[in-house]
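Please examine the sequence and the three-dimensional structure shown below. The paragraphs that follow lead through the structure step by step.

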Amino acid sequence: MRGPGGGANLLALRSHNTALVLDLLRTAGPEGISRLELAERTGLTPQAVSKITARLREEGLAAEAGRRASTGGKPRTVLRLVPEAGHAVGVHLDRDELRAVLADLDGTVVARRHAPLDLGAGAEAVLTRVASVVAELEAELPAGGSLLGAGVALPGPLDHRRGVLHRVTGFPEWDGFPLRDALSARLGGVPVVVDKDTNAVALGLAVAGEGGSFAYLHLGTGLGAGLVIGGSVHRGPRTGAGEFGHQVVQLDGPPCGCGDRGCVEALCLAAVARGETAEAARVLGTGAANLVGLLDIDRVLMGGRTVEGAPEVFVSGVRGVLEARARRTGEGCVGVAVVSGEGRVAEGAAQLVLAPVFGQDG
């Protein structure tokens, strides 16, 4: 990375190297890892590793985990991450409810909150509710722990980089609202990251070890997709990727809240409202097949309260459409699975803050 005049950007380089070390400390777990191993795995010099680990110890992010026998000379001191030294709040704003978690550096949830919410009640009411929940969770920080920031996940579309909402389907009054900056100001300057609910879950899955390229389809009060391509969340140049629910699959079909007609979301939700879950799964499978054909992904994962209410039906329906496509194309059928967990979006929202600490996509 180059700075003005061609010189090395030392601040960015130091941050990158620190993230490499922190990630290895995290993956090593309680048993820890030696400075020599850190140098070997990062490619950094032993001197650089010593400086980084000394700073991390001063900041309380790393601590000794004992000593390990050496092949020669004195035993090596091993270091471990101190998960309780830093925390993030993850907030899921759905159209009708709020879920929030407090997670440590390992991503372990140490506290949860759940409350009804009316996303259409206006910015002031929503911000007040979110700030109150964040304050409740911050009060549960352990002694010596710090709040690194708050991640907020909600239905799109939105501008992830600027934290500005667009026309959230069904709630056009949010169009252009600077949620990131407004909430950060309400929280007294706490850093805030804003992203779509589907991207938050996709990031959480990737951090947890879901490798390769996959799509996470979320069907609840709306329908969207989080895309992970080559291990990184794909947001697109305008951070608008993943508006999966608003692909038109029936020309002149029923109207959708987005203003178009015949969208996958409208057809899915209408089938669910009629109690025709198998039909909703078939429609979702049609959209998923389009996605597989476009992106050649490895797996289709699904979640959201509607899917989790009938997981077998949705897996069977989506897999049936994908298998039919595979027979036509001669390709192998991609994997299909449901990922459950009521707090999964909020946990993914916390990773919007935590993942960049370890050099991962946030």
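**A guided reading of the model**

The largest cavity has a volume of about 180 Å³. A cavity is a set of points, on a 1 Å grid over the protein atoms alone, where a 1.4 Å probe fits but cannot get out; the volume is the space filled by probe spheres set on the points, which are joined across faces, edges and corners. Rolling a probe the size of a water molecule over the atoms shows where empty space is left. The lining of the largest cavity consists of 19 residues, and P155, G156, D197, L223 and G224 are those nearest its centre; a lining residue has an atom within 4 Å of a point. Helix 6 (197-207) and strand 12 (223-229) are the elements that each give two or more residues to this lining.

This is a predicted model, in which local features need pLDDT of at least 70, side-chain atom pairs count only at pLDDT 80 or more, and totals for chains, interfaces and linings use all residues. Residues are numbered from 1 along each chain as its sequence is written, and side-chain values use heavy atoms, with hydrogens and water left out. The pLDDT, the predictor's confidence in each residue from 0 to 100, averages 91 over the protein chain, and 94% of the residues score at least 70.

Helices (H or I, at least four residues) and strands (E, at least two) are DSSP runs, numbered from the N terminus. Which residues of helix 3 are buried? They are V49, I52, T53 and L56, where buried means under 20% relative accessible area, exposed over 50%, and partly exposed in between (1.4 Å probe, protein chains only). These buried residues fall within an arc of 95 degrees seen down the axis, so they line one face of helix 3; the arc is that of the directions from the helix axis to the C-beta atoms. An α-helix has 3.6 residues a turn, so residues three or four places apart point the same way. On the other side of helix 3, Q47, K51 and E58 are exposed.

Helix 4 (residues 123-138) also has buried residues, among them V126, V130 and L137. Strand 4 (86-93) and helix 5 (179-186) are included in what covers the buried residues of helix 4.

Strand 4 contains H92, which is buried, with a relative accessible area of 4%. Not counting residues up to four places away in sequence, H92 touches E97, L98, R99, A153, D197, V345 and A346; contact means heavy atoms within 4.5 Å.

Key: 1 Å grid on protein atoms, 1.4 Å probe; cavity = no way out; pocket = protein on both sides within 12 Å on 5 of 7 lines; lining within 4 Å.
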